Each structure stands twice: as structure tokens, then as C-alpha cells.
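Could you walk me through this structure in plain words? I am new to it and would like a friendly guide to a few of its parts.

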Amino acid sequence: MIRVGVPGVGVGNRPVTGGSFFSLLHLQGSLVEEFKKDGIEVKWNFFRGAGPAVNEAVANNLLDIWTHGHLPSVVGRASGLKTRLLGSASRRGHAYLVVPSDSPINGVKDLRGKKVAFAKGTATQLSANRILEGHGLTEKDIRSINMDTSTSKAALATKDIDAAFGGTDFLSLRDQGIAKIVYTTKGDSPTYPSNSGIIAREDFINEHPEIVQRILTLAVKSSAWVADEKNRNQVFQLWSKSGTPYANYKEAQQGEDMKQNASPLLDEYVIARYKSAVADSKKFGLIRSTFDVEPWTDRRFLNRALKDLGLERFWAEWDANGKAKG
């Protein structure tokens, strides 16, 4: 059995997520189909507790390969989990600051002393800390409350919290007139958005390299499919099975380089973002010890997939600042 982890659930706790090319391996059934002929079962595991819950499952040897936001993957590795970074799953995931529709809060600087929710230990927490710092605040200046997405949405509706940091999921609250968005990382500092990666246990990689290769090859195929403009509507339709509306995914991608944001490459940009995540996580007190990012990566399977599929130059390589290399 191959045990795959997903740090999230869909609306209403449904075992479906969207927003990445890796999620399409589930939505299109391609990963299950790939191994069916070998009699190998693929079990998808969706965690409402997001990144921290995935780390707990990994610590208990319950997962083989998964996707992870930059903070929880860094926390896991820093705490001693024997994992390897195999590829990028998404880059430049934007965050939104959402408040009740009649709130006097107009931006990040108005959050001092307010009850602000986000899921702690997730990529959103690291983005929130960076955003707060960029606006002259720290997490100590707010009353931070640990809530998952569905709980935060309910708490905004009942006004039990003053604000929440989150992702695309929160756009539907605005559309329902329940909340308004007073800040987004779109157009702001490129250091604020989050990245995610494809991670696996070292033991699984060492014991089943051929299976890891097949999974990475499928993932790269999925990434290339997302990159094709003619598939765009179908991508959003599939992702919307998570319960987040098609229109919200379309809006979130408006003005974005969807091909590059779905790039699986572990280029200079991705490595720089992980190095920054390690340094910032230590600075913000989210991890106690640091580690070197480069030895954590394992590019063998990604490079083989790119070569076998003829996609070695399909995605532009970015430098550390997110600019295409000559």
C-alpha cells in the first residue's frame, strides 16, 4: 500500500482538496490507476489538522509521501523527521486577511490587540508572521487564535473573532456578504506568499525507489497538464469539487503565471524560499533548531521524470529573486 497525505480537507470536511497539480492525482484518479495493475493499493489521507496533523502521522510512520506547506515541512525536518524534499508542489500561494463585513478594520495595521485566527503550524502562520512584521507588528501584538479554515469561517460569521488569515477558501465568505477582504499578498512583497513541496519518508524512498519514480513522473505530467492554457477551465472545475467555488479559483489565479506557479522544479527560487522559511521560522520562534536545505533535497526522481517526459526546458528556471534565468 502507498499511503499519501494531504494537509487539508474540502468544505464540509469532504476528503477532497484543490489548488495544486498534485491534488489532480486524486481528483482524476491517475495515481490509483497507475498502481492498480500491480495490485498496489493507494490510500489517500486527508487531514483537517493540516500540516501539523501530517507531521504527527509521519512521526507515527503512517504516511509514505505527501504534500506540505513550507512551514510544516520545515518544522518536521527541524524536529528530526527523516524526510526528503522531492519537488515543488506550488509556489506563490497568496494569503488574504478577512474580517466581518461591517468591521472597522481596514488593513493589517489595525490588527493590534485584535482576535486574529489562523491555523498554527501551517504555511499560513509563517505568512501571517511575515505580513505582520512588514506592517510593524508581531504575533505578540495580536491575540492569535489557533483555528482551522472551517472553524475560522464560522467564527467570522458569528463575529467571535475580529479577523482571519487564510487562502482562497475565504473568498466565498466575501461573495456571501459575510466578510470582506482588507488585505492580500497579491501585489505586495514576494516574500509573503507560501510555497509547498512534495515530501517523502527517507525509508520509503530507499525501499521503493521505483514507486517513488512513478509517482514523481505522474506528478510532473499533472503539472504540465495544469500549465496548458486549454485545460484551465477543467482544472478549476476539478478543483471546485473541494467545495471552493470555480469562480474563487479563477479569481485567485487572475494575473498569476499559473504555469510557473505549478512548476515542479527545485530551482534557485524554491531553494531560496525554503532557506528563508528555515531562517524566519527560527526568528519567529516557530522552530528551535535549523538545518541545511540543500542536503534535504533529492532531485533524482524529478530530474528523471523531466528527462523521460521531454520536459527539461518546459518550465523557466527562476533565480533566488523569482526572475527567469537567461
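Is Phe-236 buried or exposed? In this predicted model, Phe-236 counts as buried, because its relative accessibility is 3% and the cut-off for buried is under 20%.

Let us stay with Phe-236 and look at the rings around it. Trp-239 is buried as well, with a relative accessible area of 2%. Both residues belong to helix 10, which covers residues 232-239, and since they are 3 residues apart there, about one helical turn separates them. An α-helix has 3.6 residues a turn, so residues three or four places apart point the same way.

A search through the whole structure finds 10 aromatic pairs. One of them joins Phe-236 and Trp-239: the ring centres are 6.0 Å apart and the planes stand at 50 degrees, so this pair is tilted. What is the relative accessibility of Tyr-246? The value is 26%, so Tyr-246 counts as partly exposed. Phe-236 is buried, at 3% relative accessibility. The rings of Phe-236 and Tyr-246 have centres 5.7 Å apart and planes at 90 degrees, so they make an edge-to-face pair. This pair links distant parts of the chain, with Phe-236 in helix 10 and Tyr-246 in helix 11 (residues 246-253), 10 residues apart. Together with Tyr-249, the residues Phe-236, Trp-239 and Tyr-246 form one aromatic cluster.

The charged end of Arg-91 sits over the ring of Trp-318, 4.9 Å from the ring centre. Lys-259 lies over the face of Phe-314, and here the distance to the ring centre is 4.1 Å.

Why is helix 3 described as largely enclosed by the rest of the structure? The reason is that 7 of its 10 residues, in the stretch 50-59, are buried. Those buried residues are Ala-50, Gly-51, Ala-53, Val-54, Asn-55, Ala-57 and Val-58. They pack against strand 1, strand 3, helix 4, strand 4 and strand 10. After helix 3 comes Asn-61, which has a positive phi, near 60 degrees.

Helix 4, one of the packing partners of helix 3, gives us a last stop. Ser-73 is found in helix 4, which spans residues 70-78. With a relative accessibility of 2%, Ser-73 counts as buried. Which backbone oxygen does the side chain of Ser-73 reach? The side chain reaches the backbone oxygen of His-70, at 3.0 Å. If neighbours within four places in sequence are left aside, Ser-73 is in contact with His-68, Ile-199, Tyr-274 and Trp-296.

Notes
Residues are numbered from 1 along each chain as its sequence is written. This is a predicted model: local features need pLDDT of at least 70, side-chain atom pairs count only at pLDDT 80 or more; totals for chains, interfaces and linings use all residues. Side-chain values use heavy atoms; hydrogens and water are left out. Helices (H or I, at least four residues) and strands (E, at least two) are DSSP runs, numbered from the N terminus. Buried means under 20% relative accessible area, exposed over 50%, partly exposed in between (1.4 Å probe, protein chains only). A polar contact is a pair of N or O atoms within 3.5 Å; within protein, one must be able to donate a hydrogen and the other to accept it, and residues adjacent in sequence count only if both atoms are side-chain atoms. Contact means heavy atoms within 4.5 Å. Rings of Phe, Tyr and Trp (its six-membered ring) pair if their centres lie within 6.5 Å; planes under 30 degrees apart count as stacked, over 60 as edge-to-face and the rest as tilted. A charge sits over a ring if NZ of Lys or CZ of Arg is within 6 Å of the ring centre and within 35 degrees of the ring normal.
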